[in-house]
Amino acid sequence: VMISILFGRRFTKPLNKLSSAMIAISKGDLAVEVESRSNDEIGDLARSFNYMTTRLREKTAIDDFSRDLVFSLEHSQLIQMVADRIVEYMGASQGALFLLQPQGKDLFAVSKWGWPNRIDRKISIKFSPQKQMECLRRTEPFTPQDTEQQDQFSNVLQRLQLQVEFEQIDLIAPLVSHGETIGFVLLAPELDETGYDPDEKMFL
């Protein structure tokens, strides 16, 4: 009888642990593992269980990464789509999208897109603290002449002209998300050379 009890415990104890681990998995705890010391069927079952949980952790990590990547891609495409529509509606001869990217205490304007001519080499220009404050508070279209730090946009224009035909920056359309300026669409003169009228600026 004692031998039967001992043998019974030998099998039931690891099975109980495996059962508890499976319950933990069902509740979302993917960190759980079970010991697999024996070389019998129960040991094989435990090793298979641990392999399954490892794969589940890997799949969860991949799913999380893919979800973040899809969101980033959709967000990027959405911004570019908005910029494309702005340039098309305004009839600009050339447009360029710059996003504001903080790096530590510094703020950089970084090129992300150009139309109809692409900006192949990334342009990154550091904004002065004064320019940071001025850019971040603007939510309405403006011209470089409206700014206190005109040299900053002159620098942007010079860098643009190295890659695309950009006669001058006629209008700057801020991109605002949740009340915060996240970038700008820079517009060259109109194709018909009539200039941007108040109604077009109101559209922006």
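User: Which way do strand 2 and strand 3 run, and how many bridges join them?

Analyst: Two strands count as paired if DSSP finds at least two bridges between them. Strands themselves are DSSP runs of E of at least two residues, helices are runs of H or I of at least four residues, and both are numbered from the N terminus. Here strand 2 and strand 3 run antiparallel and are joined by four bridges. Within strand 3, K126 stands opposite F108. Please note that this is a predicted model, in which local features need pLDDT of at least 70 and side-chain atom pairs count only at pLDDT 80 or more, while totals for chains, interfaces and linings use all residues. Residues are numbered from 1 along each chain as its sequence is written, and side-chain values use heavy atoms, with hydrogens and water left out.

User: How many helices and strands are there in the protein, and what pattern do they follow along the sequence?

Analyst: The protein has five helices and five strands. Along the sequence they follow the pattern α-α-β-β-β-α-α-β-β-α.

User: In what order do the five strands lie in the sheet, and which are the edge strands?

Analyst: The five strands form an open sheet in the order 3-2-1-5-4, with antiparallel pairing. Strand 3 and strand 4 (171-177) are the edge strands, each pairing on one side only. Neighbouring strands are turned by 30° against each other on average, direction ignored. Such angles are taken between axes, which are lines fitted to C-alpha atoms (for helices over the stretch in contact), and they run from 0 to 180 degrees between N-to-C directions.

User: Which helices pack on the sheet?

Analyst: Packing is read from contacts, meaning heavy atoms within 4.5 Å. Helix 3 (residues 129-137) packs on the sheet and touches strand 1, strand 2, strand 3 and strand 5; its direction makes about 95° with that of strand 3. Helix 4 also packs on the sheet, touching strand 1, strand 3, strand 4 and strand 5, and its direction makes about 175° with that of strand 3.

User: How many bridges does strand 5 form with strand 1 and with strand 4?

Analyst: Strand 1 and strand 5 pair in the antiparallel sense over five bridges, and L187 of strand 5 is the bridge partner of G95. Strand 4 and strand 5 pair, also antiparallel, over seven bridges, with S177 opposite E180. The hairpin of strand 4 and strand 5 has two residues between the strands, and H178 takes a positive phi near 55° there.

User: Why is strand 5 described as largely enclosed?

Analyst: A residue is buried under 20% relative accessible area, exposed over 50% and partly exposed in between (1.4 Å probe, protein chains only). Six of the eight residues of strand 5 are buried, so this strand is largely enclosed by the rest of the structure. In the protein, buried residues make up 35% of the 204 residues.

User: Which residues touch the most other members of the largest nonpolar core?

Analyst: A nonpolar core is a set of buried Ala, Val, Leu, Ile, Met, Phe, Trp, Tyr and Cys residues joined through side-chain atoms within 4.5 Å. The largest one has 22 residues, and F98, L160, F166 and L186 touch the most other members. Strand 1 (95-103), strand 2 (106-115), strand 3 (124-127), helix 4 (150-161) and strand 5 (180-187) each supply at least two residues of this core. Helix 4 gives the most, with four residues. Another core, of 15 residues, lies apart from it and has I86, A92, L97 and W113 among its members.

User: Is D84 buried or exposed, and what does its side chain contact?

Analyst: D84, found in helix 2 (residues 41-90), is buried, with a relative accessible area of 17%. Its side chain makes a polar contact with the side chain of R85 (2.9 Å). A polar contact is a pair of N or O atoms within 3.5 Å; within protein, one must be able to donate a hydrogen and the other to accept it, and residues adjacent in sequence count only if both atoms are side-chain atoms. Leaving aside neighbours within four places in sequence, D84 is in contact with W113 and W115.

User: Where is the cis peptide bond that involves W115?

Analyst: The cis peptide bond joins W115 and P116, with omega about 0°. P116 has its place in the loop between strand 2 and strand 3.
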